[in-house]
Amino acid sequence: RGRLQLLFYPDYNVSAMELICPAADLSEQISTAGKEASGTGNMKFMMNGAVTIGTLDGANVEILEAVGEENFFLFGLTVDEIPAIREHYDPQAIIDNDRDFRRVMRLLDNGHFNHFEPGILDDVIAAVRNPDDPWMTAADFRGFINAQEAVGVAYKDQKYWTRMSILNSAKSGRFSTDRTMQDYNRDIWHLNPIVPGDK
């Protein structure tokens with residue numbers, strides 16, 4: 001009803017990112033911890049002032065360290081928790097014990113989101129229910145919902161959100177190319193720097 005518009009970018013590329021990044025308020029980086037699926041997009045969003053909601057995966061860890069927990073919406077299992085839970089991971093039990101999750105799965109099962117493409121989400125539904133799901137998607141569902149609720153509360157406080165946004169931009173310098181290259185050289189390459197003008 002005019003409150004939310006969802007857009008699907010069919011040909012996502014760097015040029016598209018140049019438009020998306022500055023317009024984003026929230027950066028969703030929701031890959032399972034330890035999968036290193038979080039690339040550099042989260043850094044670009046951060047540099048443009050977006051606040052991150054995410055797991056402890058990839059560069060999310062460094063973003064959280066840079067901005068602090070009060071400027072980051074953290075959820076999900078940690079790398080250390082995953083092996084212990086994997087042994088007895090039962091996504092159907094997680095679904096059954098969460099009213100919201102049951103409702104979501106019922107909508108998916110009934111084809112609510114794919115009236116015009118029956119069966120297109122069957123693989124997704126099966127993956128969520130699969131005890132061998134490498135992403136353990138069901139395990140992070142409740143944490144994600146709770147974090148989204150916290151995002152909603154924070155976003156209503158414009159002064160608080162603006163402060164978080166500014167701090168994210170200000171703390172993004174650690175992801176600069178210069179700093180990254182210096183770290184690689186110090187830790188890996190051990191090359192002698194060439195000063196401009198030297199022969």
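**Charged pairs.** I began with the rule: a salt bridge is a side-chain nitrogen of Lys or Arg within 4 Å of a carboxyl oxygen of Asp or Glu. By that rule Arg179, Asp183, Arg186 and Asp187 are linked in a network of salt bridges.

**Ground rules.** I noted that this is a predicted model, where local features need pLDDT of at least 70 and side-chain atom pairs count only at pLDDT 80 or more, while totals for chains, interfaces and linings use all residues. Residues are numbered from 1 along each chain as its sequence is written, and side-chain values use heavy atoms, with hydrogens and water left out. Helices (H or I, at least four residues) and strands (E, at least two) are DSSP runs, numbered from the N terminus.

**Back to the pairs.** How many salt bridges does a search of the whole structure find? I got seven. One of them joins the side chains of Asp100 and Arg142, at 2.8 Å from N to O. Asp100 is in helix H6 (residues 99–109) and Arg142 in helix H8 (residues 141–156), so this pair ties together parts that are 42 residues apart in sequence.

I then checked accessibility, where buried means under 20% relative accessible area, exposed over 50%, and partly exposed in between (1.4 Å probe, protein chains only). Asp100 comes out partly exposed at 31%, and Arg142 is partly exposed at 27%.

Next I looked at Arg129, which forms a salt bridge with Asp109, the closest N and O atoms being 2.7 Å apart. Arg129 lies in helix H7 (residues 122–129) and Asp109 in H6, so the pair ties together parts 20 residues apart in sequence. Arg129 is partly exposed at 26%, and Asp109 is partly exposed at 42%.

**Strands.** Two strands pair if DSSP finds at least two bridges between them. I found three strands in an open sheet, ordered E1-E2-E3, with parallel pairing. Why is one side of E1 and of E3 left without a neighbour in the sheet? E1 (26–29) and E3 (73–74) stand at the edges, each with a single partner strand, so one side of each has no neighbour there. Two bridges join E2 (residues 51–54) to E3, and Ile53 stands opposite Phe73 in E3.

**Pockets.** On a 1 Å grid over the protein atoms alone, a pocket is an open set of points where a 1.4 Å probe fits, with protein on both sides within 12 Å along at least five of seven lines; lining residues have an atom within 4 Å of a point. Points are joined across faces, edges and corners, and a volume is the space filled by probe spheres set on them.

The largest pocket has a volume of about 650 Å³. It is lined by 19 residues, with Asp25, Leu26, Ser27, Glu28 and Gln148 nearest its centre. Which element gives the most to this lining? That is H8, with seven residues.

The second largest pocket has a volume of about 500 Å³. Of its 17 lining residues, Ile30, Val128, Thr137, Phe141 and Phe144 are the closest to its centre. H6 supplies the largest share of that lining, four residues.
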